[in-house]
Amino acid sequence: MIVGVPKEIKTREYRVGMVPAGVRALTSAGHTVLVETNAGVGSGIPDSEYQRVGAQIISTADEVWKRAEMVVKVKEPIAPEYERMQPGQIVYTYFHLAGVDPELTKTLIKKKVTAVAYETLQLDDGSLPLLKPMSEVAGKMAIQVGAACLEKAHGGKGILLGGVPGVRRGRVAIIGGGVVGLCAAKVAVGMGAEVTIIDVNLERLTYLDDVFLGRAQTLASDTESIARTVRESDLVVGGVLIPGGKAPKLVSRELIAEMEPGSVVVDVAVDQGGCIETCKPTTHDNPTFTVSDVVHYCVANMPGAVPQTSTFALTNTTRPYSRKIADLGLVEAIKSDRALQRAINTYNGHITYEAVAKDMGYDYVPLMDAIGGKK
Ligand SMILES: NC(=O)C1=CN([C@@H]2O[C@H](COP(=O)(O)OP(=O)(O)OC[C@H]3O[C@@H](n4cnc5c(N)ncnc54)[C@H](O)[C@@H]3O)[C@@H](O)[C@H]2O)C=CC1
Ligand SMILES: CC(=O)C(=O)O
Ligand SMILES: [Mg+2]
């Protein structure tokens, strides 16, 4: 198979979809890998390292997209890439279809692209192994950036999360106690903040309670517990997820207005539309805005800021599946792997992931029907 790795073009996105180890795995199995020039430079990988393991370095994104049967990326395709997508191509990357530009979904359908979405590749135990590493990064970063936003110079109320003896510590509310929530809580607890984690899943809360041994408060998610906790918090982190679907709006505009001036919200779930009503996607160049005197940080590609960590963490998990698709071909790979089946969001002009179809207002066609119906 011909596999293409273009350079990411989202604002300050320094990750790359494949590292030399991934290229070697493919070229040694007889596949061709086309890497756009300088695709890895932001992650500390020069073209020469790709060449050493058999990649062809290509001077333009257009050529990579034109020649590749499968394109391997990091972030969802954005407008200039819609035109580059080829009819029937496989694109293996994050898509976040329910949370981003609806034109992307239209383009995937029109061009009959197979969208293999990292964020919905799901093992039988319900875990999301290709989302997990970036959620670990974003969860840890959420407290780091939240603490900075709480400083006066960044519009915050001017409170140190860990406090000092004789003065109250900062209060952190984490809504969604999954991977983002756990990692955010680890950092916040480590800094000495007062931490509350809210989740709907009582088993998950039991796990978190066991892990933190009383150093974090767990609360069952309902309107009252969210309202009470958010009102009293200095920093709120949003990390809820309904796989594939739009995030539920759990913090209303009115509730934001009830927070103290200079409080901070970091809505990590922004890539699925956000769980805070006032959230809208921002970029690393202009990461924050203020609503009702509350600082909002809503960067949709947080891990892009730490590519030397994120690129390697991500590609450690994505590599076996690109290899499988290249070796077996798309249809055989899908048939042999239930986790991979769940990653297919669009196929041959159909939406094959139910939560995406529902939230985007399209008919849902089960994947096996879409495959069966392909001539
Ligand atoms: N902005 C960025 O750069 C990044 C964003 N993300 C996003 O962060 C979000 C969270 O990801 P993960 O932690 O990996 O997901 P996860 O599936 O591990 O955790 C989500 C948690 O939300 C909980 N939840 C669902 N409905 C809830 C409700 N009504 N109230 C409270 N909790 C509820 C679930 O029980 C689960 O524990 C996703 O949207 C993901 O795409 C992840 C990485 C980077
Ligand atoms: C998951 C995601 O949105 C990211 O890593 O940028
Ligand atoms: Mg206010």
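Helices (H or I, at least four residues) and strands (E, at least two) are DSSP runs, numbered from the N terminus. In these terms Tyr362 sits in the loop between helix 14 (354–360) and helix 15 (367–372). The structure is a predicted model, in which local features need pLDDT of at least 70, side-chain atom pairs count only at pLDDT 80 or more, and totals for chains, interfaces and linings use all residues. Residues are numbered from 1 along each chain as its sequence is written, while chains are lettered from A and ligands numbered from 1 in the order in which they are written.

The protein chain as a whole has 15 helices and 15 strands. Its C-alpha trace spans about 65 × 45 × 35 Å along the principal axes. The radius of gyration, taken over C-alpha atoms, can be set against a globule rule of 2.2 Å times the number of residues to the power 0.38. For 375 residues a compact globule would come out near 21 Å, and the protein chain has 21 Å, so the two agree.

Burial is counted from C-beta atoms placed from the backbone: a residue is buried if 20 or more other C-beta atoms lie within 10 Å of its own, exposed if 12 or fewer, and partly exposed in between. Buried residues make up 53% of the 375 residues in the protein chain. Two residues are in contact if their C-beta atoms, placed from the backbone, lie within 7 Å. Of the contacts with a separation of 6 or more, 65% are between residues 24 or more positions apart.

Two ligands come next. A residue is near a molecule or strand if its C-beta atom, placed from the backbone, lies within 6 Å of it. Around ligand 1 there are 33 residues, of which Ser135, Gly176, Gly178, Ser221 and Met302 come nearest. Helix 6 (132–149), helix 7 (179–191) and strand 8 (194–199) each supply at least two residues of this shell. For the make-up of a shell, Ala, Val, Leu, Ile, Met, Phe, Trp, Tyr, Cys and Pro count as nonpolar, Asp, Glu, Lys and Arg as charged, and the others, Gly among them, as polar. The shell around ligand 1 divides into 19 nonpolar, 10 polar and 4 charged residues. Ligand 2 is surrounded by Lys75, Tyr94, Leu131, Met134, Asp271, Ala300, Asn301 and Pro303. Its shell divides into 5 nonpolar, 1 polar and 2 charged residues.

Strand 8 also holds Val195. This residue counts as buried because it has 29 C-beta neighbours inside 10 Å. Not counting residues up to four places away in sequence, Val195 touches Val172, Ile174, Ala185, Ala188, Val189, Ala216 and Gln217. Val195 and Ser233 are 38 residues apart in sequence, with 9.2 Å between their C-alpha atoms.

Just after the helix, Gly329 takes a positive phi of about 85°.

Positive phi values also occur in residues other than glycine. Arg12 has a phi near 50° and lies in the loop between strand 1 (2–5) and helix 1 (20–27). With 15 C-beta neighbours inside 10 Å, Arg12 counts as partly exposed. Leu213, in the loop between helix 8 (202–212) and strand 9 (216–220), has a positive phi of about 45°. Leu213 is exposed, because 8 other C-beta atoms lie within 10 Å.

The loop between helix 14 and helix 15 holds Tyr362 and also Pro366. Tyr362 is partly exposed, with 16 other C-beta atoms within 10 Å. Leaving aside neighbours within four places in sequence, Tyr362 is in contact with Ile351 and Ala357. The C-alpha atoms of Tyr362 and His350, 12 residues apart along the chain, are separated by 8.7 Å. Pro366 is partly exposed as well, with 13 C-beta neighbours inside 10 Å. Its C-alpha atom is 9.8 Å from that of Tyr347, 19 residues away along the chain.
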